[in-house]
Structures are given as C-alpha cells and as structure tokens.
Amino acid sequence: MEMYTDLFNKMASTCFSKCASQKHKEPDLALGEMSCTDRCVAKYLEAQEKVGIVLQRANEVQAKQAQALADMQNAMGGR
Amino acid sequence: MEGIPNLPPHLQGEFMRNLENIQMKDSLSLDKYESSCVEHCAERYIKMTQRVGLRFAESQALQQKRAAEAAAGGK
C-alpha cells in the first residue's frame, strides 16, 4: 500500500514539474497542461511497469546464481 | 537620514527609486505578485494532483479488467 502512495506522490510531483508552467498566472490548469498531464501519467505508469520487469528479471538471474553457488558448495562440502 | 550625498536633483529621484528597489528585495514578506503566484501555484498543484488521481484510477481499473479477463479466459 505504501508503494502506491509513494508512486502517486512522485508521479504528481514529476508531472507538475514537467507540465505546469512555472509562471502561475492563472489558478486553473490550461488545456495543454491538462493533456500533458494525461500523457505524463500514462507514460510514467508504463515506464514504471517496464522498470519493474527489468528488476524482476535481474532478481531471477541473481537468485539462480545464488542457488547454483549454494548447490556447488553443498556438493563439495558433502563428502 | 544622514549620509545621503547631496545629489543633483535629477539624480535624487533615481537614487530614491534604487533605494526602494533594494528595500523591496530585502523585504521579509511577499509582494503582490509573489503572493498571487504562490496561491495560483498551490491551486494548480491540487488540481493537477486530482487529475493524476483520476487517470491513475482509470489505468488501475483497466488493468484489473484485463487481469480478470485473462483469468476468466484461461479457464
């Protein structure tokens, strides 16, 4: 659950920096800023998913290596 | 105020204006422009956060729908 809060806060902050003009002349978001927000959210989530997949793959590789090492040690120490 | 050089009149006006500008830069409170800027910024941030939340929820719902369909389709 905490992950979601963190994700949401970072996403909101990032998209605000990228999409909202820093002049803040008006209290409302402009049309362009709103569509920028929509695109920002979509891309952010997709990027997040991709990163998750890469991380998962790396973890699996590392787990396999650790297992192989453990197996080897067991085999050697088993005499 | 002591120490003010006796400038010729056409420079005195400029001197006073410069002095006012410097005093404004050292001001401890927000001027009108800064004040409205901060207020607008806060409002826009809140509005954007709401929109982000809306799109996020839509994305989540779509993802759940696809997952449910995949699970149902797999049977």
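## Close-up views of the interface between chains A and B

**View 1. Where the two chains meet.** In this predicted model, 25 residues of chain A are in contact with 18 residues of chain B, contact meaning heavy atoms within 4.5 Å. The size of an interface is often given as the accessible area lost when the parts come together. Here chain A and chain B bury about 2000 Å² between them, 67% of it on carbon and sulfur atoms; buried area is the accessible area (1.4 Å probe) that two parts lose on being put together, summed over both. As a guide to reading the views, residues are numbered from 1 along each chain as its sequence is written, while chains are lettered from A and ligands numbered from 1 in the order in which they are written. Because the model is predicted, local features need pLDDT of at least 70, side-chain atom pairs count only at pLDDT 80 or more, and totals for chains, interfaces and linings use all residues; side-chain values use heavy atoms, with hydrogens and water left out.

**View 2. The side of chain A that touches chain B.** Across the interface of chain A and chain B there are eleven residue pairs in polar contact, both residues at pLDDT 80 or more. A polar contact is a pair of N or O atoms within 3.5 Å; within protein, one must be able to donate a hydrogen and the other to accept it, and residues adjacent in sequence count only if both atoms are side-chain atoms. On chain A, the elements giving two or more residues to this side are helix 1 (2–19) and helix 2 (31–77). Helices are DSSP runs (H or I, at least four residues), numbered from the N terminus. Helix 1 of chain A provides the largest share, nine residues. By class, this side has 14 nonpolar, four polar and seven charged residues. Ala, Val, Leu, Ile, Met, Phe, Trp, Tyr, Cys and Pro count as nonpolar, Asp, Glu, Lys and Arg as charged, and the others, Gly among them, as polar.

**View 3. A histidine in a loop.** Look for A:His24 in the loop between helix 1 and helix 2 of chain A. A:His24 counts as buried because its relative accessibility is 6%; buried means under 20% relative accessible area, exposed over 50%, and partly exposed in between (1.4 Å probe, protein chains only). The side chain of A:His24 reaches the backbone oxygen of A:Ser21 at 3.4 Å, and a polar contact of 2.9 Å joins it to the side chain of B:Arg44. Leaving aside neighbours within four places in sequence, the contacts of A:His24 are A:Phe16, B:Cys37, B:His40, B:Cys41 and B:Arg44.

View 4. A:Glu33 and B:Arg44 form a salt bridge, their closest N and O atoms being 2.9 Å apart. A:Glu33 lies in helix 2 of chain A and B:Arg44 in helix 2 (residues 32–74) of chain B, so the pair joins two chains. A salt bridge is a side-chain nitrogen of Lys or Arg within 4 Å of a carboxyl oxygen of Asp or Glu. Both partners count as buried: A:Glu33 at 9% relative accessibility and B:Arg44 at 4%.

View 5. The side chains of A:Asp38 and B:Arg51 meet in a salt bridge (2.8 Å, N to O). A:Asp38 is partly exposed, with a relative accessible area of 21%. B:Arg55 forms a salt bridge with B:Glu58, the closest N and O atoms being 3.0 Å apart. Salt bridges that share partners join A:Asp38, B:Arg51, B:Arg55 and B:Glu58 into one network.
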